[in-house]
Amino acid sequence: MTERKKTPLLDNFRVWAAVLVAAIHTSPLAAWTSLGDFFLTRILARLAVPFFFTVSGYFLAKNEWRSIGRFLKKSALLYGACVLLYLPLNLLAGHFSGPTDFLRRLTVDGTFYHLWYFPAVILGAFLAWQLSRLGRIPALCIAGVLYLAGLGGDSYYGLTVQIPALERFYTAFFQIASYTRNGLFFAPLFFLIGAAGYRWSRRVSRTGFLISFAAMSAEGFWLRGLGVQRHDSMYLFLPLCTMFLFSLLLGKNQGQNLPARRFSLLLFVVHPWCIAIARSAAARTLGVLVAGNGLFQFCAALGMAAFLEGICSHFAPLRPKARAWRELDGDALAHNAEVLQAALPEGCQLMAVVKADAYGHGAIPAARRLRKAGVQAFAAACLSEAVALRKAGIRGTILILGYTPPEDACQLRRWRLTQAVADAAHGQALAAQNQAVHVHIALDTGMHRLGISAGDQDAIAALYRLRGLKIDGVFSHLAVSDCLDADSKAYTAQQLKRFYDTITWMRSSGLNPGRVHIQASYGLWNLPEQPCQYARIGIALYGVQSDRGEILHKLDLQPVLSLRARVVHVQTLAAGETAGYGRAFQAERETRLAVVSIGYADGLPRDLPQRGGEVLLHGRRCPMVGRMCMDQLLVDITNAEAAPGDAATLLGRCGGEVITAEALAAQCGTITNELLSRLGGRLGRYWVPGA
Ligand SMILES: *Cc1c(COP(=O)(O)O)cnc(C)c1O
């Protein structure tokens, strides 16, 4: 039952790795504790670059090294760009003593202190690829021997040179390269560790990591004490540590975080420039003491890189390469929260309903964004949803609208959740657990779903006598607030009357109802202001109505979710040819067909093509044709331009055209609530970076 939330941990950790690299080059703690700084920058941070190699190795091996050519080319191009970027600093510092020295640095050491990484990536990936043909174990063994050879010239140098033959070997080697930390000795092992893709259980990975990291720390301090290190990039325990760390992250890794990827690369590439700029600016204004301070340089580098990332994400927003995805507009969500809160009377708070993964929008990122927009109360459908929010660090009130088994009262208390009392027996059973559970009493005023009948004064009063309950609120739910016909309006008026009559009776009987609430989205749209302390708003928060029906008080809300999928194949059918299952589509004329990679397993109804379903391609409407498949569908693009790789819009805006959730839901014969909340977990989510 407890499904672990997965996150793009590998991408997220890239950011930490890049931050650690920046720490290596600034020594942020050096001014205060040289030992602490040694631990941070010479031990902990030494995990960073091996991690980058390992992730690359993992992804290269995952598609059987087919993309190695592209990978090497991309790395070489990036390296070329970095060489140019750092040329001014090279020239200023008079780094190159001549063309041969430049060539040597370019191919072996890297032209700037952090750029050794690129020659190492290129040679390391190439060697790992070649070695991997020998099989996993032989490849790892050879790379392991190379690593040991590198180790001898790195942190164990003072010990190895006691042996004359080794001394001669390293002396000769250091004529060419400055370090053994390179693409020959250092990188291949980590690429191959990644390629092996070891994934142990969480417990094994965590324990393994802790033990090997402790061993590596001891090793580091021991070598430091001996004073034998020529350099301090390589440790005996580093490969083991990396292996366990990678397994730990891989076990919970899912999806991509493109902004994290870009930021980590950006930070890695530009931080030496940022450090140089910060130093010289500070030397002129704040004095040499500040300019030379590692922490100052470190913070300045991070700040400047974050600023650059902000500029990049504004001018070049990232697009995922996924087959199909939900695109989410966090600014629209925040805007809706503000508009809704402003529409509520003084003293009434917006309670954001984020049940069913925030109607398919992603409960955790949505709740985080809403917290930032000032929302302090949330509603979930069940215990597991509420706990997931708390675990993600969401603070404030979280009300569980559905039934929670009384035995789980300890969970309610542990996670500081508020529970709706489903009926009198539920209240009694919850109280019997003696957990002092915070509750809101659900009143049934005519919906006849959950709740104590609003007229049942005895049952209500009985709840107030229970010491195991802390009653913070009383609420009810309207059955037909979305309908504006006379009958429905009368029914809603009757529900409201029952509700407020009960509240009035409670107050006069000394039973404090706490915060009262009855409106959901349609209650806000169709009823005048209510004397309540909360309004539980779901669908309106996501910027859409449930259907295209009339509402009385329109608000300026913006849709948050767009649904897009990739065109993966385009072909031309001659007149008379058929396509898809059941040969359900037959071309009446020569027809260009696109295959779009989204299907009914992603949450679309299978008969959408027959119901007039369309996608937008380059601002043109194109009809879906034939039978929808589980993972793909066919689109007639005879009247549009489309090529493989293009993004088709199933929901949302594209050029001047738009497919609204309300229109699509109507086509599907349902309401937007169902349509959105049913979108499948296989669809990644991609939050558009805010302006
Ligand atoms: C789902 C739900 C809401 C939110 O409804 P919307 O119409 O989406 O705003 C409010 N209250 C209760 C009890 C609910 O179950």
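The accessible surface of this protein comes to about 31,500 Å², with 58% of that area belonging to carbon and sulfur atoms; the areas come from the Shrake-Rupley method with a 1.4 Å probe, and for residues only the protein chains shown count as cover. Please note that this is a predicted model, in which local features need pLDDT of at least 70, side-chain atom pairs count only at pLDDT 80 or more, and totals for chains, interfaces and linings use all residues. Residues are numbered from 1 along each chain as its sequence is written, and side-chain values use heavy atoms, with hydrogens and water left out.

Of the 691 residues, 51% count as buried, meaning under 20% relative accessible area with a 1.4 Å probe, protein chains only. Along the principal axes, the C-alpha atoms fill a box of roughly 95 × 75 × 55 Å.

I turn now to secondary structure. The protein has 26 helices and 20 strands; these are DSSP runs numbered from the N terminus, helices being H or I of at least four residues and strands E of at least two.

Let us consider strand β11, residues 561–573. Which strands does β11 pair with, given that pairing requires at least two DSSP bridges? Strand β1 (residues 324–329) is joined to β11 by 5 bridges, antiparallel, and here Trp325 stands opposite Arg564. With β18 (residues 647–654), β11 pairs in the antiparallel sense over 4 bridges, Ala565 having Ala648 as its bridge partner. Finally, 6 bridges join β11 to β14 (residues 591–596), again antiparallel, and Gln571 is partnered there by Leu593.

How values were computed. Two strands pair if DSSP finds at least two bridges between them. Buried means under 20% relative accessible area, exposed over 50%, partly exposed in between (1.4 Å probe, protein chains only).
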